[in-house]
Amino acid sequence: LSLQQCTDGYEWDPVRQRCKDIDECEIVPDACKGGMKCVNHYGGYLCLPRTAQIIVNEREEAAAESTSGRNNVIRRTPADPQRAPPNPTHQIQCAAGYEQSDHNVCQDIDECATGTHNCRADQVCVNLRGSFSCQCPPGYQKRGDQCVDIDECTLPPYCHHRCVNTPGSYYCQCNAGFQLASNNHTCVDINECDANNPCAQQCYNILGSFICQCNPGFELSSDRINCEDTDECRTSSYICQYQCVNEPGKFSCVCPEGYQVVGGRTCQDINECETTNECREDEICWNYHGGFRCYPRNPCQEPYVLTSENRCVCPVSNAICRELPYSVVYKYMSIRSDRTVPSDIFQIQATTIYPNTINTFRIKAGNENGEFYLRQTSAVSAMLVLVKSLSGPREHIVDLEMLTVNSLNYRTSSVLRLTIIVGPYAF
């Protein structure tokens, strides 16, 4: 045997090599309260009234330990272990809260188990040595004879955000955008973007919430979640030079026939004369804003003959030519529609200068509606001025005449036949 093999209330006796009873009445200071006397017993002790007298039968081997009536305890050693038990009239008397056992010792009465307590239905019975106690269940406190709920939410903060009191307990709640941590007290942020990504396009998590953003070319709808196409064409009438075409998430600019898109928004004239055209061999191609036209390489009409490119001369040997301008030069130019006025558009100038001559300039034909004005800028030149805005597509043929006279009453004239092609657009 060893020290660890002795049960409670016993200790190892190294001399006798056995477990012996511990006299708690000797070693426990003031073991019994309220005027009760301490009576040692095998494996424990009893607290009895001081007037109580106890007769205990001991084994023969314990006779040497028996003393005379300390604490009115009479220990007797039986002569014959087989003899009958003592007279029942000498049985032990137990204090309140204790009862006699089959071994004629006092043992505690469990009032909670036997139902002999007087605890209320809302109380919990707790057994004590020789008595019992009525306590309140967890989450309640005793107020008088009643158990009332403890409002944990009024105590120092248990919950991170919100506390909800319940009968006998409480629980924590979190604000929107948060969830309870594993400790059921702390609130942690919910990453909505990782959880279910409510946004239609781009989702950004923030503390307790989230925000949605849209890709370029889209804008948030009123629900702040979905994205709607931004109609860039409606935001400004100047976003494209000609026409704006809205597309999902973007827009594109288109140009009319005869133009090409440059820089994504601007329309630039296509020079069909340099790329492809339908002019014949005996025609020249003239490009204008938004298109092209074919003109004859030899524009001369009888009695004029072609002397050089675009220059026709009426021979002096022909009598008919005496009443006609000596030469006619064909020129072509292109202007945009609705050009700002007044605007200088073309300059006419003498190619040959004779001494002692005077040159005058006039619009001989093609100005019936007064769209043009010819301003002489020097003795040998003049400027054609557009004074009324022109809208295209349209073609104007204007004859500009230069009259030359000298002191010998010499008189001659030459005509510049200017074909003005007005494009269909202002670009």
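Is Asp-223 buried, exposed or partly exposed? In this predicted model, Asp-223 has a relative accessibility of 38% and therefore counts as partly exposed, since that class lies between the 20% limit for buried residues and the 50% limit for exposed ones.

Asp-223 sits in the loop that links E19 to E20. Ser-221 is found in the loop between strand E19, residues 218-220, and strand E20, residues 227-229. The side chains of Ser-221 and Asp-223 are joined by a polar contact of 2.5 Å. Asp-223 also uses its side chain to reach the backbone nitrogen of Ile-225, at 3.0 Å. Ser-221 has a relative accessibility of 8% and so counts as buried. Leaving aside residues up to four places away in sequence, Ser-221 touches Asn-226 and Glu-228. For a sense of scale, Asp-223 can be set against Leu-48: the two are 175 residues apart in sequence, and their C-alpha atoms are 83 Å apart in space.

An unreviewed UniProt entry lists "domain: EGF-like" for residues 108-148, 149-188, 189-228 and 229-268. Two of these spans can be described further. Residues 149-188 are 0% helix and 40% strand, with end C-alpha atoms 29 Å apart. Residues 189-228 are 10% helix and 40% strand, and the end C-alpha atoms of this span lie 29 Å apart. The domain assignment divides the chain into domain 1 (1-29 + 37-45), domain 2 (108-149), domain 3 (152-189), domain 4 (232-269) and domain 5 (300-422). Between the C-alpha centres of domain 3 and domain 5 there is a distance of 97 Å.

Strand E25 covers residues 283-288 and strand E26 covers residues 291-296; they run antiparallel and are joined by six bridges. Tyr-288 has Gly-291 in E26 as its bridge partner.

Next come two open sheets. Strands in a sheet pair through backbone hydrogen bonds, in either a parallel or an antiparallel sense. E27 pairs with strand E28, residues 311-313, in the antiparallel sense over three bridges, and here Val-305 has Val-313 in E28 as its bridge partner.

The other open sheet has three strands in the order E30-E33-E32, and its pairing is antiparallel. Strand E30 (343-349) and strand E32 (372-378) stand at the edges, and because each has a single partner strand, one side of each lacks a neighbour in the sheet. The twist here averages 25° from one strand to the next. E30 and strand E33, residues 381-386, run antiparallel and are joined by six bridges. Within this pair, Ile-348 stands opposite Ala-382 in E33.

Note on methods: Residues numbered from 1 in each chain as written. Predicted model: local features only at pLDDT ≥ 70, side-chain atom pairs only at ≥ 80, totals over all residues. Heavy atoms only, no water. UniProt positions renumbered as here; feature names shortened; annotations may be inferred. Helix = DSSP H or I, 4+ residues; strand = E, 2+ residues; numbered from the N terminus. Domains from an automatic or database assignment. Buried < 20%, exposed > 50% of the residue type's maximum accessible area, 1.4 Å probe, protein only. Polar contact = N/O pair within 3.5 Å; in protein donor to acceptor, adjacent residues only side chain to side chain. Contact = heavy atoms within 4.5 Å. Pairing = 2+ DSSP bridges. Axes fitted to C-alpha atoms, helices over the stretch in contact; angles between N-to-C directions.
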